[in-house]
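I opened my notebook to look up a few things in this structure. My entries are below, in the order I made them.

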Amino acid sequence: MDWLTSKKLPNINEHLVSSKYVQDLILNIRPLDTTDGSKHVLETTLCDEDSTFTTWKQTNTIKQSDTNPTVTADLDFGHTVNTRILATRLAFLALHENQYGPARNEAIARKSSKAWTQELAEKYDVGPFDYECDPSTKYIVMPFAAKNTGFGASLKGTHLNAVHFALGTNRVLLTMNSIPYGPFAKLKRQDYNKIVSCERHDMQCVFLPMSPCVLTKNDIDRAVHIKEDDFSNFWETGLLSEKLKSEKVLFYLPTPTIAPSMYLKERYIEQISKLYSQNGAHTDTYYDSDSQKKSKKPWKIDKSTLDDIFDFIRKDTWFPGPVALMYHMRPNLKTRQKISTLLEKAIPSNFDPNSSIGLAIRDSDKCFEESKCMPFDDYMQMISAFGSKRTLESSTNSKSNGSIGQYNTIVLTSESKQILDAHLNYTNKQDFLFQFVINNEDIGQGSGYAPAFHGIKENGDTWGADDVMLSSLTSLKLQLLPESVIINGCSSFHRIIEVFRNSGCAKPKEWYTTTLNQNDNPRYRMSCGMFISNHRL
């Protein structure tokens, strides 16, 4: 009763969120506990709904990128043996278990008890995403900072550590902004709320809560600030001091992302193992209503495959960075609904992923110091050459499924309104073989710098950071559609697109991702660096 009557720091109360939606996210985490392989949880990502990551479908050949090898699937086993995708998927579920699992007992109790009513929830201001969680649960709380960088750089550069730190210490991570209590009261709040613009000024303006667990004001008041030396010691040894281990809430300020330690990798392996070692009446088969036959569960992983996954986790340089990134970027239902509306308007009914090339152009402020940029005409010439090259590669690749034919569509995204509008000069060119897929409602804010995220639309309406985030996430979703995608390797946000594609989130079951930095033609090859002179090629 103490939690109910205390002053709480609740999660956002979206009108689209139902108690059942949240309970499904809490109760249907472990693959063997469900008939759909935890699909409800996997579908919270930005991955395409038909992607290998989301559906556990088998695949034939995947050319993930210029730096990743081609892999094949064991068609008899019924799921892809691409260990990267399997490892990412299972680590995502393990991380979700860490974040949502502490609410399981409470969710079961609410679901079965007649004492828990909507009237009681309203009386104590408890929303569908608000749970006390198991009393033994410990936490890490942090602000989401975007001081002098864009969203991609902030997320990749400083915030992935916090996710790893939470799982490594068996704590739940909560991100909070604009809270005038405890350690948060000492922060310059204006430095921590520019990436979003809703009243909360935190990630929940756009994304799902990191956890349904809700702390009280007293919890935050008693939070202990973890020092940089304590964090570094944990990263090297996997150990926290006895004093810190005993504290319920640790306050953490973002630090530059560093390579994950072997201890952290072993923690992910331990958590994944638990997903497949729970007691219960789990079977290897499920009843397929379409065929009226029993079928093998594609998410039933045998020991040999799990061993391959664990070996990959131990050896891969960047794992589990992509997992933490994808988990941060789970859009809330309002954002997801808006993205779907924009995609419906942008994507023609006859769209074919296998005849499409994605072109993500980073322009505007990126060209001043960090990257060389090109005129739009050069991008179009480069795309024509690239399409011819990819078609030839497909026709001569014996492992290809032959689905790639003549490229005829460009999926164009950019933060620059000038770049987006430039495609109009090509729509009626008779000798230009491509049509464009574009989000015509993209804000085109002309900057990746968070404080610049506000302005006025052509119709006179104002726009803010939440609108920019919507445009950015829609761009990411668009770049998951084509078979081939070209990005600017100097852009942190474009590297996030690459992470999603390489994690199996693309719509096609075969995909190719490359950067302008790797282009064969020196004329189109990008270079990155601070204070580049003659930034326009």
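Predicted model: local features only at pLDDT ≥ 70, side-chain atom pairs only at ≥ 80, totals over all residues.

**Entry 1: the whole chain**

Then I turned to contacts between residues at least 6 apart in sequence. In the protein chain, 79% of these join residues at least 24 apart.

**Entry 2: H5 and H14**

I started on helix pairs here. At what angle do H5 and H14 pack? Helix H5 spans residues 83-100 and helix H14 spans residues 321-328, and I found an angle of about 55° with the axes 9 Å apart. H5 is therefore oblique to H14. I wrote down the crossing as right-handed.

For the contact itself, I listed Thr 88, Ala 91, Phe 92, Leu 95, His 96, Gln 99 and Tyr 100 on the H5 side. H14 brings Val 323, Ala 324, Met 326 and Tyr 327. Sorted by class, the contact of H5 with H14 has eight nonpolar residues, three polar ones and no charged ones.

Pro 320 sits in the loop between helix H13 (303-315) and H14.

**Entry 3: H12 and H13**

H13 came up in the last entry, and I followed it to a partner. How do H12 and H13 run, roughly parallel or roughly antiparallel? Helix H12 (residues 262-275) packs against H13 at about 160°, with the axes 9 Å apart. An angle over 145 degrees counts as roughly antiparallel, so that is the relation of H12 to H13. Their crossing is right-handed.

From H12, I found Met 262, Lys 265, Glu 266, Ile 269, Ile 272 and Ser 273 in the contact. They meet Leu 306, Phe 310, Ile 313 and Arg 314 of H13. By class I get six nonpolar, one polar and three charged residues for the contact of H12 with H13.

**Entry 4: H2 and H6**

Is the crossing left-handed or right-handed? I have H2 passing H6 in a left-handed crossing.

H2 uses Gln 23, Ile 26 and Leu 27 here, and these meet Arg 104, Ala 107, Ile 108, Arg 110 and Lys 111 in H6. The contact of H2 with H6 divides into four nonpolar residues, one polar residue and three charged residues.

Why did I stop at positive phi values? I stopped because most residues other than glycine have a negative phi. Asp 125 is not a glycine, yet has a positive phi of about 55°. Cys 133 also has a positive phi, near 70°.

I placed Asp 125 in the loop between helix H7 (118-123) and strand S3 (139-142). Cys 133 lies in the loop between H7 and S3 as well.

**Entry 5: two buried helix residues**

Ser 154 is in helix H8 (residues 151-168) and is buried, with a relative accessible area of 3%. From Ser 154 to Ile 195 I have 41 residues in sequence and 9.5 Å in space, C-alpha to C-alpha.

Ala 465 belongs to helix H19 (residues 465-478) and counts as buried at 2% relative accessibility. How far apart are the C-alpha atoms of Ala 465 and Phe 453? They are separated by 4.7 Å, with the two residues 12 apart along the chain.

Notes
Residues numbered from 1 in each chain as written. Heavy atoms only, no water. Contact = heavy atoms within 4.5 Å. Axes fitted to C-alpha atoms, helices over the stretch in contact; angles between N-to-C directions. Helix = DSSP H or I, 4+ residues; strand = E, 2+ residues; numbered from the N terminus. Parallel < 35°, antiparallel > 145°, perpendicular 65-115°, else oblique. Left-handed = near helix turned anticlockwise from the far one by under 90°. Nonpolar A, V, L, I, M, F, W, Y, C, P; charged D, E, K, R; others polar. Buried < 20%, exposed > 50% of the residue type's maximum accessible area, 1.4 Å probe, protein only.
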